[in-house]
Amino acid sequence: MTSPSHAPDRGDGDSVENQSPELRKDPVTNRWVIFSPARAKRPTDFKSKSPQNPNPKPSSCAFCIGREQECAPEIFRVPDHDPNWKLRVIENLYPALSRNLETQAKQGETGTGRTIVGFGFHDVVIESPVHSIQLSDIDPVGIGDVLIAYKKRIDQIAQHDSINYIQVFKNQGASAGASMSHSHSQIMALPVVPPTVSSRLDGTKDYFNETGKCCLCEAKSKHIVIDESAHFVSVAPFAATYPFEIWIIPKDHSSHFHHLDDDKAVDLGGLLKLMLQKIAKQLNDPPYNYMIHTSPLKVTESQLPYTHWFLQIVPQLSGVGGFEIGTGCYINPVFPEDVAKVMREVSLT
């Protein structure tokens, strides 16, 4: 993850025209990325061509306060039992997996080993009672409450032996996959460890075996750091898959997101808010996704030294084409060093 010693220091004198293409492999994602600046404008010229639409309140939004009975069943709210709630965690009305199949799930795989029962959880976190408020509008304490709600729900789901991996994600904007304009995020709990997670474990293990170090603990080269807080650092990852992708990484080695405490949640809330605000200002308020990449619930003791959770933010600036789909190798038109420099300089005042 760290920038190798021969990587160029892309300062003000480096124009897009005289940068050469590079291939970089990231041990965290365990994939190759082609950096091809000739395919792009200057880093400062990147803007979303389809910014988020204004967020008018529809005639009926089930996520708004006062319409709780129109939603799927509630799991919990903050504060508890308070009609003037700050956030709610509910079941997804159209879940991808069924929470009612655990008995069958314990029976294991079929004889072929290619099919298992579709047991799992699919929940929604409604981040605000007010339709017009986006996550980046909420103060760091309020965003910390959302993060602690994720933690609480993961702790609850982790009691089910059949669950092996829990993915927290947010789709903001229709083109980023959001079906509801009211700000919300989702939690999916799976009976399997997804292939991207397995690949991540393989990559970080290889790096650890080669260097004796966790590659995410090492991901703090000055050329890719954007901002930092007391407990977290935001970076443009050395082999970023997507233009203007940002990772927020705990400074201390930590394998599981759900070990987050209240103080660190507020600290992370502040840095997440800052990154979302900078993305909105610099890139014309693009739709975006964020994902919390944590370790499998049943990660072994020997895997802990090289598993390190992080939060990935991906602004939706470009589509995925046939080359990417066919090879799993992505083309990124902007070097992370340039992204970090541009994002460091964004002024919110």
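Colleague: What percentage of the 349 residues in the chain do buried residues make up?
Modeller: This is a predicted model, and the chain folds into six helices and 13 strands. A residue is called buried here when its relative accessible area is under 20%. Taken over the 349 residues of the chain, the buried residues make up 52%.

Colleague: Among contacts between residues at least 6 apart in sequence, what percentage join residues at least 24 apart?
Modeller: A contact requires heavy atoms within 4.5 Å. Looking at the contacts in the chain between residues at least 6 apart in sequence, the part that joins residues at least 24 apart comes to 73%.

Colleague: Which residues have the most contacts inside the largest nonpolar core?
Modeller: In soluble globular proteins, nonpolar side chains tend to be buried together. In this model the largest nonpolar core has 49 residues, and a second, separate core of 15 residues includes Val28, Tyr207, Val225 and Trp247. Inside the largest core, the residues with the most contacts are Tyr150, Ile248, Leu272 and Ile313.

Colleague: Which residues does Leu272 touch, not counting residues up to four places away in sequence?
Modeller: Leu272 is one of the residues with the most contacts inside the largest nonpolar core. Once the residues up to four places away in sequence are set aside, the ones that Leu272 touches are Leu135, Ile143, Ile248, Tyr290, Leu311 and Ile313.

Colleague: How many of the residues of strand 5 are buried?
Modeller: Strand 5 covers residues 121-126, and we can look at each face in turn.

Colleague: How many bridges join strand 5 to strand 7?
Modeller: Strand 5 is joined by four bridges to strand 4, and these two run antiparallel, with Arg88 standing opposite Ile126. Strand 5 and strand 7 also run antiparallel, and there Val124 stands opposite Gln186. The number of bridges that join strand 5 to strand 7 is six.

Colleague: Which residue in strand 12 is the bridge partner of His293?
Modeller: Strand 12 runs antiparallel to strand 10, to which three bridges join it, and Trp247 stands opposite Gln312 there. Strand 11 and strand 12 pair in the antiparallel sense too, over six bridges. Within strand 12, Phe310, Gln312 and Val314 point one way while Leu311, Ile313 and Pro315 point the other way, and all are buried. The bridge partner of His293 in strand 12 is Phe310.

Colleague: Why is Ser254 classed as buried, and what is its relative accessible area?
Modeller: Ser254 lies in the loop between strand 10 and helix 4, and, leaving aside its neighbours within four places in sequence, Ser254 is in contact with Thr307, His308 and Trp309. Buried means under 20% relative accessible area. Ser254 is classed as buried because its relative accessible area is 18%.

Colleague: Which elements do the buried residues of helix 6 pack against?
Modeller: Helix 6, residues 336-344, is mostly covered, with seven of its nine residues buried. Those buried residues are Pro336, Glu337, Asp338, Val339, Ala340, Val342 and Met343. The elements they pack against are strand 1, strand 2, strand 8, strand 10 and helix 4.

Colleague: Which residues lie nearest the centre of the largest pocket?
Modeller: About 550 Å³ of space lies in the largest pocket, and strand 6, strand 7, helix 3, strand 11 and strand 12 each give two or more residues to its lining. By class, that lining has twelve nonpolar, eight polar and three charged residues. Of the 23 residues that line the largest pocket, those nearest its centre are Thr196, Tyr242, Met291, His293 and Gln312.

Colleague: About how much space lies in the largest cavity?
Modeller: A search of the whole structure finds two cavities of 30 Å³ or more. The largest cavity is lined by 14 residues, with Arg200, Leu201, Ser295, Thr307 and His308 nearest its centre, and helix 3 gives the most to this lining, with four residues. The space in the largest cavity is about 80 Å³.

Note on methods
Residues numbered from 1 in each chain as written. Predicted model: local features only at pLDDT ≥ 70, side-chain atom pairs only at ≥ 80, totals over all residues. Heavy atoms only, no water. Core = buried A, V, L, I, M, F, W, Y, C linked by side-chain atoms within 4.5 Å. Buried < 20%, exposed > 50% of the residue type's maximum accessible area, 1.4 Å probe, protein only. 1 Å grid on protein atoms, 1.4 Å probe; cavity = no way out; pocket = protein on both sides within 12 Å on 5 of 7 lines; lining within 4 Å. Points joined across faces, edges and corners; volume = space filled by probe spheres on them. Nonpolar A, V, L, I, M, F, W, Y, C, P; charged D, E, K, R; others polar. Pairing = 2+ DSSP bridges.
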